[in-house]
Amino acid sequence: MSQDQTQTPLFSGLLKHAKKNPIQFHIPGHKKGAGIDPDFRQFIGDNALSIDLINIGPLDDLHHPKGMIKEAQDLAAKAFGADHTFFSVQGTSGAIMAMVMAVCGPGEKIIVPRNVHKSVMSAIVFSGAIPVFIHPEIDKKLGISHGITTESVEKALKQHPDAKGVLVINPTYFGISADLKKIVEIAHSFHVPVLVDEAHGVHIHFHEDLPLSAMQAGADMAATSVHKLGGSMTQSSILNVKEGLVSAKHVQAILSMLTTTSTSYLLLASLDTARKQLATKGKELIDKTIRLAQSIRNRINEIDHLYCPGEDIIGTKAAYDYDPTKLIISVKDLGITGYEVEKWLRDHHNIEVELSDLYNILCIVTIGDTENEADLLINALKQLSDEYSHRSEKIEPVEVLLSEIPVLALTPRDAFYSETETIPLEESVGRIIAEFVMVYPPGIPIFIPGEIITKENLYYIKKNLEAGLPVQGPEDDELKTIHVIKEYKAIQ
């Protein structure tokens with residue numbers, strides 16, 4: 001098979017099949033669009049509907065790829081420096097769950113940062129694994145969490161050499177990378193595989209001015225979100241695997257268990273073509289994106305009361321490198337919250353941002369952006385600064401504290417399946433919690449299911465609520481009550 005990155009075996013194969021215009025006595029029931037609602041058909045178009053197909057013989061099968069899907073995955077593996085690449089139609093969440101479940105079984109330990117994506121916690125519940133948490137570093141100036149340090153990984157592995165995996169977020173949502181190469185070396189010295197949540201880093205592999213990708217750093221597996229920043233359709237992602245400490249066949253089996261049998265060929269074809277674009281033109285496209293993002297960053301920093309960190313963010317142990325295409329815009333000097341800015345930009349300028357928290361908004365610049373969008377954003381931010389800089393009231397910066405990580409009394413899975421009851425929060429000390437409680441910023445859980453509630457952590461929650469920080473997770477928004485594991489009195 002040719003390893004020519006200009007080829008798109010999956011997309012081309014689909015087009016060839018659609019061109020034959022076969023009579024379809026198989027699903028999907030809309031039959032090339034003939035049976036679909038006319039308004040939807042007119043909007044989506046017959047081209048898209050003609051390749052909305054199913055795993056019939058000529059089109060290969062994602063669960064047992066032998067033809068065009070296998071070729072497309074092999075090309076992707078070459079492009080990403082992996083031994084095997086699996087396409088995911090269950091988003092990066094599906095790939096992350098497969099990664100965790102491929103290395104962890106019931107009662108086995110996995111080392112994870114405390115600020116992991118909820119898909120990691122879902123995988124921990126499904127697998128019955130025991131999470132060993134590492135606190136990420138906190139950026140006090142911005143009020144966000146960065147990565148984990150090499151020292152904290154080494155310490156965790158010395159204490160838990162029987163761990164089945166170390167999970168690293170690289171880069172973080174905000175584009176900050178830890179020293180992944182060093183973390184991989186440390187974990188491998190303990191013969192422990194490194195799993196990378198690379199949801200926000202598909203592009204970093206294709207440009208030398210960006211942080212090292214998981215595969216470049218020698219990681220064993222990486223769930224890499226092609227749809228987020230790589231130009232494929234929403235919900236399409238890949239799982240990159242290096243053979244050695246993990247078996248690709250086992251990973252395929254787990255991924256298959258988590259994947260629909262009716263896989264979307266539109267999503268799969270978009271992965272095939274996104275890979276082609278990244279492999280053949282990625283460097284020049286990302287070059288342009290970095291230049292655009294840096295010029296926006298410089299222009300934001302000229303606006304009064306706004307701050308957009310750049311190289312100056314690097315230097316702490318957890319901020320080893322950064323991705324300049326992520327614009328973290330700190331608005332706290334304006335005396336308003338990031339949440340208010342998000343709404344203001346929507347209402348006044350029809351601009352939607354990626355994320356907002358108490359102090360910041362996050363804007364993402366990709367290969368799909370131009371100077372035109374850059375100018376619109378800058379003009380909007382100038383107006384925002386003019387409008388709010390005369391305000392006398394300011395947000396009091398809240399000290400982002402880190403609570404102690406509580407003791408895990410039950411695995412998250414056992415806690416999830418236990419019988420629960422709701423009790424007043426102030427009576428919950430010593431009980432085992434059955435739900436998540438977290439604070440934004442910095443988005444780190446105070447409690448996860450299975451942990452013992454402590455007086456200190458209740459005090460921490462109270463302090464955050466008083467400071468006006470949103471506490472998320474529990475069913476009771478006001479946090480007067482909490483879900484705990486039901487306890488039975490001893491029978492006399």
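**Reading the local features**

Modeller: Let us begin with Asn350, which is exposed, as its relative accessible area is 69%; buried means under 20%, exposed over 50% and partly exposed in between, with a 1.4 Å probe and protein chains only. Asn350 has a positive phi of about 55° although it is not a glycine. The residue is found in the loop between helix H12 (338–349) and strand S13 (355–356); helices (H or I, at least four residues) and strands (E, at least two) are DSSP runs, numbered from the N terminus. The model is predicted, so local features need pLDDT of at least 70 and side-chain atom pairs count only at pLDDT 80 or more, while totals for chains, interfaces and linings use all residues. Residues are numbered from 1 along each chain as its sequence is written, and side-chain values use heavy atoms, with hydrogens and water left out.

Colleague: What is the phi of His305, and where is His305 found?

Modeller: His305 is not a glycine, yet its phi is positive, at about 70°. It is found in the loop between helix H11 (265–300) and strand S11 (321–322). With a relative accessible area of 33%, His305 is partly exposed.

Colleague: Which residues of H1 and H4 meet?

Modeller: From H1, Pro9, Leu10, Gly13 and Leu14 meet Met68, Ile69, Glu71, Ala72 and Leu75 of H4, where contact means heavy atoms within 4.5 Å. By class, this contact has seven nonpolar, one polar and one charged residues. Ala, Val, Leu, Ile, Met, Phe, Trp, Tyr, Cys and Pro count as nonpolar, Asp, Glu, Lys and Arg as charged, and the others, Gly among them, as polar.

Colleague: How is a pair of aromatic rings read?

Modeller: A pair of aromatic rings is described by the distance of the centres and the angle of the planes. Rings of Phe, Tyr and Trp (its six-membered ring) pair if their centres lie within 6.5 Å; planes under 30 degrees apart count as stacked, over 60 as edge-to-face and the rest as tilted. By this rule there are three aromatic pairs. In one of them, Phe80 and Phe206 have ring centres 5.1 Å apart and planes at 80°, so the pair is edge-to-face. Phe80 lies in helix H4 and Phe206 in the loop between strand S8 (194–198) and strand S9 (221–224), so that the pair links parts of the chain 126 residues apart.

Colleague: Are Phe80 and Phe206 buried or exposed?

Modeller: Phe80 counts as buried at 4% relative accessibility, and Phe206 counts as buried at 12%.

Colleague: Where are cis peptide bonds found?

Modeller: One joins Ile27 and Pro28, with omega about 0°. Pro28 is found in the loop between H1 and helix H2 (38–44). The peptide bond from Asn170 to Pro171 is also cis, with omega near -10°.
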